[in-house]
Structure formats: structure tokens, C-alpha cells
Amino acid sequence: MAAYKPVVVQACPKLGERITQDTLYWRGYKTPVQIKEFGAVSKIDFSPVPPYNYAVTASSRIHIYGRYSQEPIKTFSRFRDAAYCATYRDDGRLLAAGSEDGSICLFDVSGKAPLRQFEGHTKPVHLVGFLSDKYRIFSGGDDYSSKLWDIPSATEIISYSEHTDYVRCGCASKVNADVFITGSYDHTVKLFDARTKSSVMTIEHGHPVESVLLFPSGGLLVSAGGRYVKVWDVLKGGQLLVSLKNHHKTVTCLCLNSSGQRLLSGSLDRHVKIYSTTSYKVVHSFNYATSILSLALSPEDETIVVGMTNGVLNVKHRKPEEKNENSQKKRQPAYRTYVKGRSYMPKQEDFCVSKPVKRVLRKYDKLLRSFQSSKALDAVLEPPIMLHTPEVTVAVMQELHRRGTLRSALAGRDEKQVNLLLTFVARRVIEPRFTPVLVIVADMITDIYQPVVGQSAIVDKQFLKLQQAIGKEIDYQEELLEVLGMMDTLFATFTKKRDTCLEENKSNGVTEIIETNRNY
């Protein structure tokens, strides 16, 4: 009796992933650490000075975490309601935060009680930041106003009421100590100068603005709102340079890396996109479990911290480079030992002893070997195989058709199994590599289960989906044939070449040039 030959699964070539320097750089992080907070993480801010602790604003608390700590090393919880936008000063000594009741609290990082409390907003304050002179604070609230405060005297310097909706984001210029920027849900970004009584520039973003970012040079401004990330040239009066639409849902946060050459954006579509600031193309992306609300990158890109809507804080630390080099050196001798003798070619006088290789059969191969066609088909209709390796499912169907048992394997199935079969066929029948086999399968399913059409709404719905998929594919094929006919006509005109043949007829001492046209 001949040995059983396993099912041959057709291997299709796959495009190799393009490995770039950015790919290697941004993949160089350890497995993330998950920290559960009390509520949605609305703001993350790193201290600009060593040891680079970071403040996390969630619910009514502000937690201070060390770079490698999984428990907060300090907590500010003296808020009557929700806290917002905890932000460090440039020297890392002070921390300012807004609140739901409209007040702004200023904390000393080494203390617990607020040093100052600024009252003036009538609604929640979602924006708080320090000007670069370190002695003034700017804020924005849901009362549509933006205010400037003096830290030593805890008094209001000036108030702007130019926005017509909630002010939810902003940033300060590091070049000019009097300039700060606010973004609002009224679709505008406004640039204010503390020396004037009104805004000096207004930029129309087109969507509710969720985050703004100013480059260290102060010349470029980035705004995020809706699905768009837009880059503006401030020095040219707010001219739009580029509009990026790489997210599928609202972009909620922006961040620059330490060198300023990469821009990061987080979105409700669970992705963090990394752009090059020279070409503004996506060079890498991260995928997370739930929607992203906040994002921060530590100095020197050592740590990426992402806050999500479910209150989970995702922390990734960069792998140490020295340990990687040492581990590679340790693995090299083991690898050489493993491949030792693999390339040896036996000589003519050598006697080769072949070691029998035990062949491990897959579950569907074992069932096919025992002629259990229906169970073999069930084994490859499991969701992991259908979704990730559909070529295995199609290969088993092809083998059953070759044996002549495909019809019997498809027959006698209940509503759930028929629904599963039709879902797979309707999804994959339009793929050219699967079409020849799945057309036969679809024909058999239609022939077998035609008498029961109308008895199950679920099965009828899948039959309609299969009909729509095949109808669309036929339309596409007809359009492609039309295009192919046009191209054939163009190519036919190009192949008609005019050849010039030079013939010399010497008669009466005169040379005649005769041109003959030949059509090929």
C-alpha cells in the first residue's frame, strides 16, 4: 500500500516588508507595561529635567510616575471634581492643572498642597500651560475665554474672548516669551501676543481642534482635528503647507520626538502614526487595544507613554543597546554548533546512513487519510484557518473535488455550517488564486441547498452577498476587458513602423533613393 501524500497547499509569493532605519528604530522597544488608572487618561506630560518623571491626569487625580515605576511615586488628589491638563514648567519644579470647577491649581512637585489657585473661569478649564519666561500661565476653558495669569501675585493679567466654542488645547512659544497659541472647537487656531489686546493671527483648521503643537523653531505650527493633521507656516501668515489624512477617526493628540525630525499623532482609531517632518510621510505606526486620548515621548525617545479611553496607561521602554550586542555574541557559538556539518558533501567512498524522518500530519490530513471527507472540511473551516490561511481551506476543497467527494462533504449541513461556508466563499471567490476552485464550490452549494432557499433568513442573506460579490466581479472584468481592448488598439498602432530602405539605382550616373513602407 502506497504511503499517504499530504495535501499540497499552493504557496503564493508575498511582498517582503520594507525594513527601513525608522522601522528598526521604532521597533526597539520592550514589551509594553500596562497600568490601570481611575478613569480615561486625558493628559500625559514628561518633566523636562532628569530623572524625567511624567505626570498622568486621569479622573480627579494627578499621578507622578518615575520612568521605570509601575506605581505612582506622588499623587495630587485635592480636586473637588475632574482634573485636566497637568503640565510641567520648563525647570520641572512646578506643575499646573485645570479643573472641572473652573479653577487652576499650581503645585510644587516636592509638596502636596497647591501653592497658588487662580479663579476667573466660569466653566471647566481644559488648557493650562507655562510661558517660556516661567512666571506666567495661560489657560483656556469651556467659557470660550483664554486668560493670562501672573504666578507671583496670582492675578489675571489679560483675558481674551475671541473663540466662539470650547477652548481645549494650546501651546506656548519657546522663542518668544509673550506668544502662545490656543485651539478651539470653533474650528480655529488663534495666536496671541501678551503685549496686544487681541489675537495676532487666526488659522481656520476646518474641524474642531483637539491638539496643537509648535515646532521648537517657532516657525511651523501643527494642528489636529477631525481626521486631519495640518502643518502651517506661521512666518508666512498661517499658510497651509501640508494636510495629512492618515487616520480613520478623530486625531486627539500630537507629539514631537527629541530631535524634532519625527511627528507623532494618536487617534481614536487606536493607532499612533509617526511622520517624517521633511517629507510628511508615515514612516512607522503603532497599534493599540482601544482609542487613544493622550500621548507623550520622553527626552531622547527612551519611553513612549500612551493613555487610552478605558483608563489604561501603556508604557514602552527602549531596549538597551549594549545588552542586545552581548546577547548576539553569546548566540553566535551556539548557531555555529547547530549548523556544523550541514554543508558537508559526502565523498564517493563514504557510506551514507539516512535517518528516517517522522512525518507529522495535520488534522485535516489525518481525516483525509481515513476518508472522512466531511470532518476534513470542518477542520479547515475553523475561523483561525479561514481568516489567516485561506489557502489551506481552498487546498482541501480542491483535494476533495479531485477525489470526487466534495459534493458529499458539502451536503447534509445545518444552518450555521452553511452560513460559514457561504461567508467564506463570498469573501474569497473574487481572489484570482482561489476563483477556479471556489466557483465550483459555489455551484455545488447552490445546487445542493436550492430546495431550502427561503427557509432561513441568514442563509438567504449570505446567498445574496455571494450574488452581489460575483456580480461586482463580473462588472470589473467587463470594464477591464474594455480597457484591454483600448490598449490593444493603441499597441497595434505603435507596431506599424515605417522602415526606410535605401536602394541605390545607378542609372545615367544618378543615385535614386526609393522609400518603401512596410506594415507589420
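Glu431 is buried, and its relative accessible area is 19%. That value counts as buried because the cut-off is under 20%. This comes from a predicted model.

Glu431 has a salt-bridge partner, Arg433. Their closest N and O atoms lie 3.3 Å apart. Arg433 is partly exposed, at 35% relative accessibility.

## A network of shared partners

Some salt bridges share partners. Five residues are joined into one network this way: Asp133, Arg136, Asp178, Asp193 and Arg195.

Asp133 and Arg136 meet through their side chains in a salt bridge, with 2.7 Å from N to O. How exposed is Asp133? Asp133 is partly exposed, with 22% relative accessible area. Arg136, in contrast, counts as buried, at 14%.

## A buried pair

Arg89 and Asp91 form another salt bridge. Here the closest N and O atoms are 2.6 Å apart. Are these residues buried or exposed? Both Arg89 and Asp91 are buried.

## The whole structure

How many salt bridges does a search of the whole structure find? The search finds 17. Among them are Arg89 with Asp91, Asp133 with Arg136, and Glu431 with Arg433.

Why can such pairs form? Side chains of opposite charge can pair when their charged atoms come close.

Conventions: Residues numbered from 1 in each chain as written. Predicted model: local features only at pLDDT ≥ 70, side-chain atom pairs only at ≥ 80, totals over all residues. Heavy atoms only, no water. Salt bridge = Lys/Arg side-chain N within 4 Å of Asp/Glu carboxyl O. Buried < 20%, exposed > 50% of the residue type's maximum accessible area, 1.4 Å probe, protein only.
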